[in-house]
Amino acid sequence: MPDLRRQISDPRDFGETALSRGGAGKSEAWIRIRRRLRAELGEEVFSSWFGCLELDAFSDQDVYLSVPTKFLKSWIQSHYVDRILPTLASEFPAIKRVSINVRSSIRPATACSTGGLPDLAAGAGTDVGPRGRDITPFTPSLAPGSSPGVGPSGAITSSPKRPALVESCEGETLAGSPLDRRLIFANFLVGGSNQLAAAEAQRIAAAGPADPLHYNPLYLHASVGLGKTHLLQAVAHAAAGAKRRVIYLTAERFMYGFVSALKAQTAIAFKERLRAIDVLVIDDIQFLQGKSIQQEFCHTLNALIDSRRQIVIAADRPPGDLESLEERVRSRLAGGLCIEIGGLDEALRVKILEARIATAKLVHPTFEVPAAVVAHIAHLIRTNGRDLDGAVNRLLAHASLNGAPLKMETAELAIRDLVRTPDPKKVKIEDIQKLVASHFQVSRADILSARRTASVVRPRQIAMYLSKLLTPRSLPEIGRRFGGRDHTTVLHAVRKITGLVTADGTLSEEIELLKRMLLE
C-alpha cells in the first residue's frame, strides 16, 4: 500500500521509481504549472501565497494540494482556486476538482481534513479515495546509498537535505536576535533574589511538547544587569537543544521584522511563520511602540497561548507599569506568572565576582585577587552584575600594569567610579494612596471614589500631588490610577496643593512628613 503519510518534496527530486504510472511526467507537469502560476500572478503574489503549496496526490478527476496553515488554505480557496483549476486542467484535462488541505505540524498532509484522502495515520488503512476512486500519491524516491530521515515534525524525508520546495517556504523564516553562547543555565549563578525565576525558566526549558503548560506567559521583570536576559537566552538555548522550534527576539527586532514585512507586502507570511514556533522568547518588551505593532503582538500572544505554545517575556517593570502598551496587552502579560528578580544580595555578588575572576584566570593565570578584596568590592558595589564585571576588568588592568599583587588601596582606586550611592526608593502610587488615606483617616476606596466632600477631596488632591512629585508617572496615568479621572483633574489638584503649601505652614509640614515616610 502506498504510504500517504510521506511529505511531498519538490517534484524535481522525484526519481523514475517514484510512480510507476507516469510519475515523472506528472512531476514535470507540476513544475510547469507552478511556473505558469508564477508568470500569471506575479512574483510577490506567488511567493506570498503559493510558495508553500505542495502537490499531494491525484485521483481520476481530483487533485489534492496542501498548505501549512488554515489561513493559507482559506485564502487560496476564496481567491485563487478559479485560477489554479484551469492551469491544472491545461496539463491534466481530466481534472475537475481541486482539494486543498492543511499539513499538520504533528502529522503530514493528507486530504482527510476536507473529506478527501483517508486518514492513514489514524489507521484507516486503505488506498482507495472517496466514491471508490483510486488515488495516486506522490512519494519521493531515495537517492542511491541514502536512507530516509525524520524531520522536525516527524515526517519522513527523502534525504538529509531539505526538499527544495520546503526550502522555498522555510528559507524566509523570521530571523531571531543573536544568542550569546555564554548565556546558558550552567553559567547562571543563583541566589535568593533570582531563585524562583531561575527555577521556572529551567522548568519551561526542560518541558516537552506534550507536557502541560501551568501558566503562560512567564513574565520576568527586573532592573538592568540582574540576569533577565541571561535567563531568556538560556531558555532559548535549552529549547533549541531539545529540537523545539524556538525564536529569541528583542522588542526592537520584532518591530523591525513586522515593519519590513509590511513594506515587502509579506505580512501574512511573517505572521504565519511566527505562529508556527513552539517557544517564543521576547526581551525588553517595554520598548514595543506603535499601535499596529502592539496589535500584531497581542494577536500573536493570543494565537500562541490558544495553541498552547510557550511564551517567555522580560521587561524592566511589571506589566501594569508598561504605560506605552495598550491595556489589553498589559492584561495578557499579567495573566501568566510574573516574577520580579530582585537586587543582588552580598553573598550572590561575591559568587559573581569569584566566577568572573576564575574566568579571567583562564587567560591570565597570574591574576590573583585576595578574598578580602573580593568581599570589600562586593560590599561596595551593590547595583548590578554588569558593574561587577566592570570591576573585575579594572582589577585585571591594574594588576597587569603593575605586575604586583592587588592591595585594598589599589582595588578601591580601580573601582571608585563604580561605587554609587543607592538609588532612592521607588514610590508606588498605591503606597501613596494608602498612606494618605491612613493619615487623614479615610479609606483608599474613598480616595478613588467619585465623592466630593471636603474630607475626601483634600486627601485625594494631596495624594495626586505626591504622585506627581515622587513618581515618574504622567498626568493621564495618575488620573487612571485615581478612579479613571481626567488628566486636567490631576493638574488642578497639583496646582491647588502647590499654592496651599506656600501659604499654609501646617499643611506644608504634613506633606513633608508624608514624603519622608514614603521615601524611608
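Modeller: Let us begin with E512, which is partly exposed, with a relative accessible area of 36%; here buried means under 20% relative accessible area, exposed means over 50%, and partly exposed lies in between, all with a 1.4 Å probe and protein chains only. Before going further, please keep in mind that this is a predicted model, in which local features need pLDDT of at least 70 and side-chain atom pairs count only at pLDDT 80 or more, while totals for chains, interfaces and linings use all residues. Residues are numbered from 1 along each chain as its sequence is written, and side-chain values use heavy atoms, with hydrogens and water left out.

E512 forms a salt bridge with K515, and the closest N and O atoms of this pair are 3.3 Å apart; the term stands for a side-chain nitrogen of Lys or Arg within 4 Å of a carboxyl oxygen of Asp or Glu. Because E512 and K515 are three residues apart in helix α21 (residues 505-519), about one helical turn separates them. An α-helix has 3.6 residues a turn, so residues three or four places apart point the same way. Helices (H or I, at least four residues) and strands (E, at least two) are DSSP runs, numbered from the N terminus, and the protein has 21 helices and eleven strands.

E327 counts as exposed at 52% relative accessibility, whereas R330 counts as buried at 11%. Another salt bridge joins R182 to D180, with 2.8 Å between the closest N and O atoms; R182 is exposed, with a relative accessible area of 59%, and D180 is partly exposed, with a value of 24%.

D321 is found in the loop between β10 (310-315) and α11 (327-334). D321 is buried, with a relative accessible area of 17%, and, not counting residues up to four places away in sequence, D321 touches R473 and R481, where contact means heavy atoms within 4.5 Å.

In helix α16 (residues 429-439), the buried residues are I429, I432, Q433, L435, V436 and A437. The elements that cover these buried residues of α16 include α17 (444-448), α18, α19 (475-481) and α21, so α21, the helix of E512 and K515, is among those that cover α16. Just after α16, Q441 takes a positive phi of about 60 degrees.

Helix α18 (residues 454-470) holds M464, which is buried, with a relative accessible area of 1%. If its neighbours within four places in sequence are left aside, M464 is in contact with F482, R485, T489, V490, A493 and V494. M464 and V494 are 30 residues apart in sequence, and their C-alpha atoms are 6.7 Å apart in space.

To place these details in the whole protein, note that 45% of its 520 residues count as buried. Of the contacts with a separation of 6 or more, 73% come from residues 24 or more positions apart. The largest nonpolar core has 49 residues, of which L231, F367, V369, I377 and L395 touch the most other members; such a core is a set of buried Ala, Val, Leu, Ile, Met, Phe, Trp, Tyr and Cys residues joined through side-chain atoms within 4.5 Å. V369 touches I357, V374, L395 and L406, not counting residues up to four places away in sequence. A second, separate core has 28 residues, including F270, L280, L304 and L322.
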